[in-house]
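Biologist: I am new to this structure. Please show it, and then we can go through it by question and answer.

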Amino acid sequence: MSELKILNEGVRYSHGTVGSLSGFDGKVFVKDGLKETSCEISFGMLAPGQMVPFFHSHKENEENYIVLSGCGLF
């Protein structure tokens, strides 16, 4: 599992990394680790042909997906 590493922090910001995305494995949520107050971000990796194993929805937040390589169906 890849982990979040804090690189720098200030009064109203924090800067972190999950490392190289080419070696990324698993899923990492960054809200608590970066001390965010209203934004949840997670990094996740799916292998070719793999699907998200559950359906879910959000009542107050949008969900955004950014595909860095390959393609997918939503």
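Modeller: Two strands pair if DSSP finds at least two bridges between them; strands (E, at least two residues) are DSSP runs, numbered from the N terminus. This is a predicted model, where local features need pLDDT of at least 70, side-chain atom pairs count only at pLDDT 80 or more, and totals for chains, interfaces and linings use all residues. Residues are numbered from 1 along each chain as its sequence is written, and side-chain values use heavy atoms, with hydrogens and water left out.

Biologist: How many bridges join β1 to β2?

Modeller: The two strands are linked by a hairpin of 4 residues, and Ile 6 stands opposite Gly 16 in β2. β1 and β2 run antiparallel, and the number of bridges joining them is 4.

Biologist: Which side chains meet in a salt bridge?

Modeller: A salt bridge is a side-chain nitrogen of Lys or Arg within 4 Å of a carboxyl oxygen of Asp or Glu. A search of the whole structure finds 1. At 3.0 Å, N to O, the pair is Glu 9 and Lys 35.

Biologist: How many residues apart in sequence are the parts that this pair ties together?

Modeller: Glu 9 belongs to strand β1 (residues 5-9), while Lys 35 is in the loop between β3 (27-29) and β4 (42-44). The pair therefore ties together parts whose separation in sequence, in residues, is 26.

Biologist: Is Lys 35 buried or exposed?

Modeller: Buried means under 20% relative accessible area, exposed over 50%, and partly exposed in between (1.4 Å probe, protein chains only). Lys 35 has 58% relative accessibility, so Lys 35 counts as exposed.

Biologist: Which residues make up the largest nonpolar core?

Modeller: A nonpolar core is a set of buried Ala, Val, Leu, Ile, Met, Phe, Trp, Tyr and Cys residues joined through side-chain atoms within 4.5 Å. In contacts (heavy atoms within 4.5 Å), Val 18 touches Phe 24 and Val 28, among others, not counting residues up to four places away in sequence. The largest core has 5 residues: Val 18, Phe 24, Val 28, Val 30 and Leu 34.
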